[in-house]
Amino acid sequence: MFLFSKLVWVFGQPLSLAFFLTVLGFLALAFRLRKSALLLSGLGAAVLFATLYTTAGNYLLQGLENRFPKPAQDPDSLQCMIVLGGAFENEVNTARHGIEFNAAADRFIETLRLAQKFPQSRILISGGDGSISGHYEGDAAASARFFPLFGVARERLVEETTSRTTFENATNTKDLLATNGLSKCLLITSGYHMPRSVGIFRKLGIDVVPWPTDFRTDGEVHLGLDFTQPSLNAQNTATAVREWFGLVGYYLAGRTSELYPK
């Protein structure tokens with residue numbers, strides 16, 4: 001399942017899809033299938049245009065982020081937090097032995113803020129090496145270096161180092177919560193990633209409080225054209241499409257409680 005999902009995404013992400021449709025169009029033209037060539041090339045161009053020059057991806061991303069609004073205030077008390085991996089540049093950190101973040105760094109910045117405010121709380125970091133090769137350290141390993149730098153003792157950390165997917169995050173976390181006597185934890189992950197994450201945790205009977213962070217949209221996106229930031233549009237479109245692939249795939253596989261949790 002893990003390898004299959006990786007391969008599906010290699011060919012299914014918007015820019016790859018546009019490229020392969022264009023290649024198929026050229027092949028159809030080579031075999032003198034003129035109508036098929038025009039159709040495939042036209043579809044490729046349409047996907048590319050929508051990805052680069054419209055707000056479609058941001059609009060999809062906004063819908064995912066709005067499913068679980070962040071609470072207006074911090075909790076009165078806090079026993080534990082679960083932070084899902086995906087925020088560290090694991091290839092770079094493995095090679096350079098540093099602490100480099102990607103765009104999802106807010107997951108760990110928010111966790112650090114809460115850890116400092118609630119010094120009695122425990123932090124369960126769920127994240128192994130999600131690469132196909134499996135040669136890199138995961139988020140849990142990098143976290144063991146990150147949190148102590150800011151006064152959070154490593155004894156407060158519960159490190160889940162083997163998960164490669166969101167489903168494995170949840171299944172491995174369930175065992176660790178029971179072992180450490182933890183319950184009713186905050187679930188900290190990116191806003192767009194929260195619907196699928198909550199769906200999986202609910203399906204496994206894990207009681208969590210959604211605590212979204214790392215928002216990529218302002219919440220006021222409307223469908224339309226946008227020629228000002230094609231690279232960012234492409235990135236956000238890919239993020240939204242990938243998350244919807246995950247929502248549909250996990251639902252069909254029976255891994256989430258519903259198709260679009262809220």
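Colleague: Which residue follows helix α2 in this predicted model?
Modeller: Arg32 follows α2. Its phi is positive, near 60°.

Colleague: What makes the reach of α2 close to the expected one?
Modeller: Compare two values. α2 covers residues 14-30, which is 17 residues. From first C-alpha to last, α2 reaches 24 Å. The expected value, at 1.5 Å a residue, is also 24 Å.

Colleague: Why is Ser16 called buried?
Modeller: The cut-off for buried is under 20% relative accessible area. Ser16 has 18%, so Ser16 counts as buried. Ser16 lies in α2, where Pro14, Ala18, Leu21, Gly25 and Ala28 are buried too.

Colleague: What does Ser16 touch, leaving aside its neighbours within four places in sequence?
Modeller: Val10 and Phe11.

Colleague: Why is α3 called roughly perpendicular to α10?
Modeller: Look at the axes. Those of α3 (residues 34-53) and α10 (residues 230-252) come within 6 Å and cross at roughly 105°. Roughly perpendicular runs from 65 to 115 degrees. The angle falls in that range, so α3 is roughly perpendicular to α10.

Colleague: Which residues meet there, and of what kinds are they?
Modeller: Thr51, Leu52 and Tyr53 in α3 meet Pro230, Asn233, Ala234 and Thr237 in α10. Four of the contact residues are nonpolar, three are polar and none is charged.

Colleague: Why is Glu243 called buried?
Modeller: Glu243 has a relative accessible area of 4%. That is under 20%, so Glu243 is buried. Glu243 lies in α10. Beyond its neighbours within four places in sequence, Glu243 is in contact with Leu64, Tyr192, His193 and Arg196.

Colleague: How many salt bridges does the structure hold?
Modeller: Eleven. Side chains of opposite charge can pair when their charged atoms come close.

Colleague: What makes Lys70 and Glu110 a salt bridge?
Modeller: Their N and O atoms are 3.1 Å apart. The limit is 4 Å, so the pair qualifies. The pair links distant parts of the chain, 40 residues apart. Lys70 sits in the loop between α4 and β1, and Glu110 in helix α6.

Colleague: Are these two partners buried or exposed, and how do you know?
Modeller: Lys70 has 34% relative accessibility, so Lys70 counts as partly exposed. Glu110 has 8%, so Glu110 is buried.

Colleague: What links Arg113 and Asp74?
Modeller: Their side chains meet in a salt bridge, at 2.9 Å from N to O. Arg113 is in α6 and Asp74 in the loop between α4 and β1, so the pair ties together parts 39 residues apart in sequence. Arg113 is partly exposed at 34%.

Colleague: How do you know that Lys184 and Asp207 form a salt bridge?
Modeller: Their closest N and O atoms are 3.4 Å apart. That is within 4 Å, so the pair qualifies. Lys184 lies in the loop between α8 and β4, and Asp207 in the loop between α9 and β5, so the pair ties together parts 23 residues apart in sequence.

Methods: Residues numbered from 1 in each chain as written. Predicted model: local features only at pLDDT ≥ 70, side-chain atom pairs only at ≥ 80, totals over all residues. Heavy atoms only, no water. Helix = DSSP H or I, 4+ residues; strand = E, 2+ residues; numbered from the N terminus. Expected span 1.5 Å × (residues − 1). Buried < 20%, exposed > 50% of the residue type's maximum accessible area, 1.4 Å probe, protein only. Axes fitted to C-alpha atoms, helices over the stretch in contact; angles between N-to-C directions. Parallel < 35°, antiparallel > 145°, perpendicular 65-115°, else oblique. Contact = heavy atoms within 4.5 Å. Nonpolar A, V, L, I, M, F, W, Y, C, P; charged D, E, K, R; others polar.
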